[in-house]
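Student: Hi, could you walk me through this one? I'd like the fold and then the charged side chains.

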Amino acid sequence: MIENRHLIHLTELTSGEEGTVIQINNGRMVNNRLVSLGFTPGVQVAMTRNYGHGPLIVTVRGTQVALGRGEASKIEVHRNTDD
């Protein structure tokens, strides 16, 4: 089980980092949109582009998806590490 203190927002991943989606804390409509794009708990995501401002490009289920920072900040992930 992953402890809450190890969770970060998707916006905190840097380009090239990977993580596992743990939960999405948006409203129902936004959650439905994100789920339809493939963001479900347990799925692996890879940050393709995060310049620190503007939209993010994330690879999920083999597809690149652009997300606004507001949406991405509501997605909690566990950063994948090699340890």
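Predicted model: local features only at pLDDT ≥ 70, side-chain atom pairs only at ≥ 80, totals over all residues.

Student: Great. In what order do the elements run from the N terminus?

Tutor: The order is β-β-α-β-β-β-α-β, which comes to two helices and six strands. These are DSSP runs, numbered from the N terminus: helices are H or I with at least four residues, strands are E with at least two.

Student: And how much of the protein is buried?

Tutor: Of its 83 residues, 34% count as buried. Buried means under 20% relative accessible area, exposed over 50%, and partly exposed in between (1.4 Å probe, protein chains only).

Student: Switching to charges: how many salt bridges are there?

Tutor: Two, taking a salt bridge as a side-chain nitrogen of Lys or Arg within 4 Å of a carboxyl oxygen of Asp or Glu. In one of them, Glu-17 pairs with Arg-79 at 3.0 Å, N to O. That pair links distant parts of the chain, 62 residues apart: Glu-17 lies in the loop between strand S1 (7-9) and strand S2 (18-24), and Arg-79 in strand S6.

Student: Which side chains meet in the 3.3 Å salt bridge?

Tutor: Those of Arg-33 and Glu-71. Here helix H1 (residues 28-36) supplies Arg-33 and helix H2 (residues 69-72) supplies Glu-71, 38 residues apart.

Student: Why does Glu-71 count as buried?

Tutor: Because its relative accessible area is 19%. Arg-33 has 35%, so Arg-33 is partly exposed.

Student: Then which side chain does Glu-76 make a polar contact with?

Tutor: The side chain of Asn-25, at 3.4 Å. A polar contact is a pair of N or O atoms within 3.5 Å; within protein, one must be able to donate a hydrogen and the other to accept it, and residues adjacent in sequence count only if both atoms are side-chain atoms. Glu-76 itself is found in strand S6 (residues 75-79).

Notes: Residues numbered from 1 in each chain as written. Heavy atoms only, no water.
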